[in-house]
Amino acid sequence: MRTTDIIIKTGAFAAIVASGLFALTESSFAQTASAELIEKGRMVATGSDCMACHTVPHTGQPFAGGYGIISPLGTIYSTNITPSKTAGIGNYSEADFSRAVRQGIRKDGGHLYPAMPYNAYAEMTDADINALYTYFMNGVKPVDAEPKDYTALPFPFNLRFSMAFWNILYANKTPFKPDPAKSDDLNRGAYIAGALGHCASCHTPRGPLMGADSGANLAGGFVGPWYAPNITSDPVSGIGGWSEDELVQYFRTGHADGKNQAAGGMAEAVQNSLQFLPDSDLLALARYLKTVRAVRDPADKRPAHEFGTTESDEANIRGMFASNEHDSLRNGGAELYSGYCASCHQPNGAGSENQAYPSLFHNTATGASRPANLVAAILYGVERKTGEHDVLMPSFGEKSYVMPLNDQQVADISNYVLTKFGNPEAKVTPADVAVARKGGPVPLLAKAQPFILPAMIIAALVVLILAGVLFFVTRRERVPRQA
C-alpha cells in the first residue's frame, strides 16, 4: 500500500565554464529548468506515494527507510532512498534507478520484493522516471544512516533470486501508452490508477502465489486485517453508486458523506499522496474508476452505503447497574457500545456534527458483506491528517492506551453495530477477531512455508535414493556374467 529513487545531472555548470560566455543568463535558465524538473519529480513521487512506505511515521526522516510493511510472509522493511552515497541511492545512475523502480532489481543485481510495487511502476513513462530521478537526487536531503531494521523473511522467501520467476508471471507490464480512443481525462486517470497510484496492489485479490488476479481487477482484496474494497464501476459491490464529486471528496479528505472514510493503508494514501494532487488528477481518477469493468460479489445484495438508520438503546440500558459497580460493561454489545463508542459516534450512531467521528449508518464499513474493516478499525484505530484536520480513533487492541478489548468484546460490539446501524446479515465471531488481531487471513503460500524445507529435503532424499538405485542396477547390468 508505495515508493522509489531518482537522479539527474544537468551539466549546466560545466557548459558555462566551457563557454565562458553568457554565464549569468545561461546559469539562470539552467536553474529554472532544473527547478521545474525537480518540482515535477516531487509531484510524481507524491502521486506514487513514496513517502508512505519509505518514511517511519512521526519519527523518521523523509525517505530514510525503516518502515515495516507487514506482509503474510513476514515484515518487509523499506530501504533508504535518499541520495546518500553510503546508505541510500546516491550512486545509482538513472538507468540503475529505472531498473529498480520498474523491474524491481537493485544496482547490485538483488531483487526487490513486490511490497515495492514495481510491477505497477513498470507503467511509468520515461519522462516521469527522469523527473523522479532528478527529484530524488537534487530535491531530497541525503541521510547517511541505514535503517536499524532490515528485511529477514523465512526460508524460502529469503531467496531473493526466486523473485525472478515470480516476475515472469506477474511483472510484465510496459510503459503506459495513451489509448487514442479515450479522452485525455480517462487516459490520465488510467495512468494514475495503474502506474502511479498502483491501486491494484491493494484492491485486487491475489492468487496462491500472491500474484494479482487479472480477471478481477480492482474487485477488492485483503491487505492484512483490512479489506481494500471493490472499486470497479459496479453499482452494488463497487463505486458505481458514487458520484464523481463524492470520489474526489474522498480522495482529498479521506471522507465522503454517507459513503465511507479512509482507514488503514487508504488513510496513508490520502494523507501522504492523494490530498496533494491537483483537482484535475483527482477528477480524472474518479472518471476512470467509473469506467472500470464492473465486478459484483454474489454476497452483495445492495450497496453497502445504503444500510442502516439512526437508532438508540441508551434509554433501555441506563440504570441497569450502579454508577460505581465494577465491571458493569459485560452484558453484550449494547452496554459495550454505550461505554466505549457512544461518546464519539453518539448513542444513535449519527456521529459528530462535522463527521470527524463518522456516522455508523450509511457507512460502507458497517454495511459491507465483509465486516473486516469494522473489526480492524476497533482493533487498530484510525488516524489520518488532511490539511489542518486530524482524525483519530483510538485502537482497542492489545496496545490500546484507552482500554484493550478481548476477542469476545470486539465481536459483541461489532455485531451490535452491524445489527443496529449496518448490514444485519454480516456477523463477526471471536475467531474472526483473532484472525484480524494476528494480521489478517493467511494465504496458502504462507501456510505452506513451514513445510517447504522438509518437503525439499524429502524430495532431495528421494532423488538421491532413486539415483543410487539406478546406478546400482546399471552397474550390475554392465558386469559380465561368469561362465
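**Reading the labels in a predicted model**

Q: Why is Phe-63 called buried in this predicted model?
A: Phe-63 has 5% relative accessibility. Buried means under 20% relative accessible area, so Phe-63 counts as buried.

Q: Why is Gln-346 called partly exposed?
A: The relative accessibility of Gln-346 is 30%. Buried means under 20% and exposed over 50%, with partly exposed in between; Gln-346 therefore counts as partly exposed.

Q: What is the phi of Gln-346, and in which loop does Gln-346 lie?
A: Phi of Gln-346 is near 75 degrees, again positive in a residue other than glycine. The loop that holds Gln-346 runs between helix 15 (342-345) and helix 16 (364-367).

Q: What makes Met-456 partly exposed?
A: Met-456 has 44% relative accessibility. Partly exposed lies between under 20% for buried and over 50% for exposed, so Met-456 counts as partly exposed. Met-456 belongs to helix 20 (residues 444-478).

Q: Which residues make the nonpolar surface patch that includes Met-456?
A: Leu-453, Met-456, Ile-457, Leu-461, Leu-464, Ile-465, Val-469, Phe-472 and Val-473 make this patch of about 870 Å². Patch residues need over 30% relative accessible area, and Met-456 has 44%.

Q: What is the omega of the peptide bond from Phe-155 to Pro-156, and where is Pro-156?
A: Omega is near 0 degrees, and the bond is cis. Pro-156 is in the loop between helix 6 (126-138) and helix 7 (163-170).

Methods: Residues are numbered from 1 along each chain as its sequence is written. This is a predicted model: local features need pLDDT of at least 70, side-chain atom pairs count only at pLDDT 80 or more; totals for chains, interfaces and linings use all residues. Side-chain values use heavy atoms; hydrogens and water are left out. Patches are made of residues with over 30% relative accessible area and no salt bridge: like charges are joined within 9 Å, nonpolar side chains (Val, Leu, Ile, Met, Phe, Trp, Tyr) within 5 Å. Accessible areas come from the Shrake-Rupley method with a 1.4 Å probe; for residues, only the protein chains shown count as cover. A salt bridge is a side-chain nitrogen of Lys or Arg within 4 Å of a carboxyl oxygen of Asp or Glu. Helices (H or I, at least four residues) and strands (E, at least two) are DSSP runs, numbered from the N terminus. Buried means under 20% relative accessible area, exposed over 50%, partly exposed in between (1.4 Å probe, protein chains only).
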